[in-house]
Amino acid sequence: MKQTSLIYNLKKEEYKRFPEQDHCIYRSLYDPEFKHFHKTLRTGMEELVDSGKKGYSRVDLALAAASWTINKHMPFAYKKVAPHSPQDYIPLPVKERPPEDHSPELLSRYIKRAAHFFGASLVGITKLDSKWLYKTKVELYSTSIQEKQELKFPELNLPDNITHAIIMIIEMDHDGINCAPTFLEFAAAGLGYSKMSFLIACMAQFIRNLGYEALPCANDTALSIPLAIDAGLGALGRIGLLITKDFGPRIRICKVLTNMPLEEDDPDVDFITQIQQKCQHCQLCAKACEYDAISFAKDPDYEIKSKSNNPGVQKWYVDAEKCYKGWIENCTDCALCIKACPYSKISRKITPEEFWKL
Ligand code: SF4
Ligand code: SF4
């Protein structure tokens, strides 16, 4: 198997598993050293609704907030252990049978068919490379600022028998991303997250029903981008996101980790080479960013911008702190760079008014 860490340059002595709490979205909740401490996407939302700016109306926000509903209200989706429930339609004696004797090839076919059935746009399988696991995990109950919220960052340890990662891609709505950075963009992101919750919950249950273990994960537990590259789903671009052939960076990534014996996909080396060459000369994402968060350097390097970057990999490091400023000022996750990337295939620009007439 070809591995992403052999295709991209990685300094073994420098690279360490990333602590999940170093992401800006968590640092905003607990780190007083962080310049945007206690500022989240919700900060300033009410004023923005009242500002009269196009794409930030109450209707636009109502759509965005509704789009996150499944993600925010379905904690079962993220449960790493899911006891049998009388609500389940599979009798316990069937569920508790040992797995049937199928080849990795056939099991992989079942997995990929089921992933598409439940709504994945793309799916790939890789061996789980432990270097992409987070070092610690964040335990919290809300990404809103709540005074009594206790945050814990325990070591992340997975059961030893977990060997494979099923990586699933969800396309984000073309017209919503077209309206970046407004609330309509945020609706496309929220819909992507809610679809992730639905998809990982159903896939994990499918695998458990076959007698295997399944750990459903959204952004948590492991870095999704290198796992997706390992699974042959795309390449890392200047933008700092996974670029897929079909939808560019206009996607979300989720995964299920399992002990099911599966057939692995190979990284798409030709596409990785194509993206590395394209990004050297195309700077459209960097030019689109109003917060100077994306590098204009011709070549990728090892220069991190803040503790929210993970050192030791040669790439175009995105300044996550500057990007986060864009998020809190727009009260959305912005995505102007995603809209600008030619691989996102957004050719005709539309306005928020046009979005509602489509
Ligand atoms: S999301 Fe917005 S602020 Fe962040 S890098 Fe992209 S364009 Fe810049
Ligand atoms: S916009 Fe251009 S430089 Fe940026 S990720 Fe896409 S192809 Fe690469």
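How many helices and strands does the secondary structure of the protein chain come to? I counted through and got 15 helices and 6 strands; helices (H or I, at least four residues) and strands (E, at least two) are DSSP runs, numbered from the N terminus. The radius of gyration is 20 Å, close to the 21 Å of the globule rule for 358 residues, so the chain is as compact as a globular protein of that length. That radius is taken over C-alpha atoms, and the rule is 2.2 Å times the number of residues to the power 0.38.

A note on what I am looking at: this is a predicted model, where local features need pLDDT of at least 70 and side-chain atom pairs count only at pLDDT 80 or more, while totals for chains, interfaces and linings use all residues. Residues are numbered from 1 along each chain as its sequence is written, and chains are lettered from A and ligands numbered from 1 in the order in which they are written.

**Entry: overall build**

I looked up the extent next, and the C-alpha trace spans about 60 × 45 × 45 Å along its principal axes. I found that 43% of the 358 residues count as buried. For that label, 20 or more other C-beta atoms must lie within 10 Å of the residue's own; 12 or fewer makes a residue exposed, anything in between partly exposed, and C-beta atoms are placed from the backbone. Of the contacts with a separation of 6 or more, 76% come from residues 24 or more positions apart. A contact here is two C-beta atoms, placed from the backbone, within 7 Å.

**Entry: the sheet**

I traced an open sheet of 4 strands in the order S1-S2-S6-S3, with antiparallel pairing. Two strands pair if DSSP finds at least two bridges between them. The edges are S1 (122-127) and S3 (214-217), each pairing on one side only. On average, neighbouring strands are turned by 20 degrees against each other, direction ignored. Axes are lines fitted to C-alpha atoms, for helices over the stretch in contact, and angles run from 0 to 180 degrees between N-to-C directions.

Going strand by strand, I noted 6 bridges between S1 and S2, with Ile-125 partnered by Ile-166 in S2. S2 (residues 164-171) and S6 (residues 251-258) share 8 bridges, and Ile-166 stands opposite Val-256 in S6. S3 joins S6 over 4 bridges, where Leu-215 faces Leu-257.

Is S6 mostly covered or mostly uncovered? I find it mostly covered, with 8 of its 8 residues buried. Ile-251, Ile-253, Lys-255 and Leu-257 sit on one side, with Arg-252, Cys-254, Val-256 and Thr-258 on the other. In S1, 5 of the 6 residues are buried, so this strand is largely enclosed by the rest of the structure.

I also checked a helix over the sheet: H9 (residues 183-209) lies across S2, S3 and S6, at about 20 degrees to S6.

**Entry: the two ligands**

Which residues are around ligand 1? My list includes Cys-289, Tyr-291, Cys-323, Cys-334 and Cys-337; a residue is near a molecule if its C-beta atom, placed from the backbone, lies within 6 Å of it. Helices H13 (320-330) and H14 (336-340) each give two or more residues to this shell. The shell divides into 11 nonpolar, 1 polar and no charged residues. Here Ala, Val, Leu, Ile, Met, Phe, Trp, Tyr, Cys and Pro count as nonpolar, Asp, Glu, Lys and Arg as charged, and the others, Gly among them, as polar.

For ligand 2, I found 14 residues around it, with Gly-237, Cys-279, Cys-282, Cys-285 and Cys-341 coming nearest. H11 (269-281) and H12 (284-288) each supply at least two residues of that shell, which divides into 10 nonpolar, 2 polar and 2 charged.

Back at H13, I saw that its buried residues, among them Cys-323 and Trp-327, pack against H2 (24-30).

Most residues other than glycine have a negative phi, and most peptide bonds are trans. I found a cis bond joining Ala-180 and Pro-181, with omega about 10 degrees; Pro-181 is in the loop between H8 (174-178) and H9. His-38 has a positive phi of about 60 degrees, and with 12 C-beta neighbours inside 10 Å it counts as exposed. Thr-221 has a phi near 75 degrees, but this residue is buried, with 21 other C-beta atoms within 10 Å.
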